[in-house]
Amino acid sequence: MPPSNTSGLADVEQALRELQLELQELKDVNKELTEENRVLKANQPKRKKKGQNVSEENMAFDEEIRLCGRKYGACYEMFAPDRQLLQRPNPTFPLPLNELSRYETLASAESALLAELFSLLPSHIHPLVGDNHFADIFEDAMNSSRASEIKKLRSKAGLIFGLPEQYFTDTTYNRASVSEIQCLLGTSTSQRMPKPFPPILFLNLVEDSSLRTLFGNWELFGKIIWVLLWGENGLTALRAGGPPRNGNKWEATSLTPGLLAWAGVVVIFLLSADKEFRYSGKGETTKIQYNYMFSSYKKILIKNWNTEYTREIVKKLNNFIFSKGPRTTDSMSDEEDFMAAMDRALAGVTEGEDSTAQPEPPQSVTEDVMDETVGDVEANEDGQRANSPLMEPDEDEVHVVPTATVRGRRGGRAARRTVSNTTRTTRNARTT
């Protein structure tokens, strides 16, 4: 009887298993080395300019800092933090970023801003935050990216607002005299300064002095944010191939208060008579304080972030911006549910309460900021120029973290014309 080959086959199988394990280990090592090489290549320092006194260590992460600056400038803070604030260490016990306690004092507001910044940055960049080189790179990335994105949005403003493209692409066009734009901003031929909270920010362009329905015009903000994150062609077609978009590079997966406030400010700027968005945050023609406007909008959003109404708005925007498919809003299967949720919010019903119980008399969810915001509307009706998100505030009235002042650039390109629900609503309001 011939000898059995069972032991020989077992040895071969064992050797194959060991080789497979070694091969997998080599693949893992190669993957790690490839990733490290990619990071090193991305952060490869540029040649120093003549007279530049910056260490190689500080320059090694310039590209990472630029990427973080672009994301921070769109998703968290529209304007660069004051450089003196960057000299402070990362807060050891930061306050919750999206809760009321953030704005209790100036110190808590500054602490939250710093914590927000450090939470965005990789840990190996934290030691560089206090350096002037970091501030230069980070601030320049914020400002140049903002100018580029606003230029992109101006080229699509006709499509976004449903208005003739020459309103936005012609830098000499007098937008302040256009009746449709006056209706959106709440202005007139005698009152050129937009309202602190113009109709364009509210559902169906219906102003609400309690600010409960602020940012209710969510479809418009969704279009603005979509173009910012996914490109100029995303409003009319499915997401296509090509280079990575901002949404991919920033790994954006959900809405932030800063991103929605950014969209609100850009909407008003595009409709305004200002020709360029200055890095200082002050409109050249309108004198609007866009930096103060952003801080006020973000503050209100954070204070209302956990209310039922704002949660519904955020849910709709997240579905609109981060889901696959064409950017249309005409077929919303749960539209009635959304409207019912808004009605409950306006009636003062909070989540978890019995909807059949008689509610208490409604009280504004932004009552504690009315003296900074809604009071401006009343003062405006009396012909006074009180503090508002459109004008310079008194320093002792509101806790706003100062921002850096730098010079600006200009931009603008052509856009296609279409008719949107916003324009139809505006025209219907004018005819009635």
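Modeller: Let us begin with the term itself: a salt bridge is a side-chain nitrogen of Lys or Arg within 4 Å of a carboxyl oxygen of Asp or Glu. Side chains of opposite charge can pair when their charged atoms come close. Searching the whole structure turns up 10 salt bridges.

Before we visit some of them, please keep in mind that this is a predicted model, where local features need pLDDT of at least 70, side-chain atom pairs count only at pLDDT 80 or more, and totals for chains, interfaces and linings use all residues. Residues are numbered from 1 along each chain as its sequence is written, and side-chain values use heavy atoms, with hydrogens and water left out.

Now for the setting. The protein chain has 17 helices and zero strands; helices (H or I, at least four residues) and strands (E, at least two) are DSSP runs, numbered from the N terminus. Of its 432 residues, 47% are buried. Here buried means under 20% relative accessible area, exposed means over 50%, and partly exposed lies in between, using a 1.4 Å probe and protein chains only.

E116 forms a salt bridge with R102, and their closest N and O atoms are 3.2 Å apart. This pair links distant parts of the chain: E116 belongs to helix α5 (residues 106-120), while R102 lies in the loop between α4 (83-86) and α5, 14 residues apart. E116 counts as buried because its relative accessibility is 5%, and R102 counts as buried because its relative accessibility is 2%. The two side chains also make a polar contact at 3.2 Å, a polar contact being a pair of N or O atoms within 3.5 Å; within protein, one must be able to donate a hydrogen and the other to accept it, and residues adjacent in sequence count only if both atoms are side-chain atoms.

E77, R102, E116 and K298 are linked in a network of salt bridges. If we leave aside neighbours within four places in sequence, E116 is in contact (heavy atoms within 4.5 Å) with Y76, E77, L97, R102 and K298.

Next, please look at helix α6. There, the side chains of E149 and K152 meet in a salt bridge, 2.7 Å from N to O. Because E149 and K152 are three residues apart in helix α6 (residues 132-155), about one helical turn separates them. Both E149 and K152 are buried.

One further pair is E284 and R278, whose side chains meet in a salt bridge of 3.3 Å, N to O. E284 counts as partly exposed because its relative accessibility is 38%, and R278 is partly exposed because its value is 34%.

R70 is partly exposed, with a relative accessible area of 30%. Although R70 and R146 are 76 residues apart along the chain, their C-alpha atoms are separated by 7.8 Å. Beyond its neighbours within four places in sequence, R70 is in contact with A141, S145 and W250. Across the protein chain, residues 24 or more positions apart account for 71% of the contacts with a separation of 6 or more.
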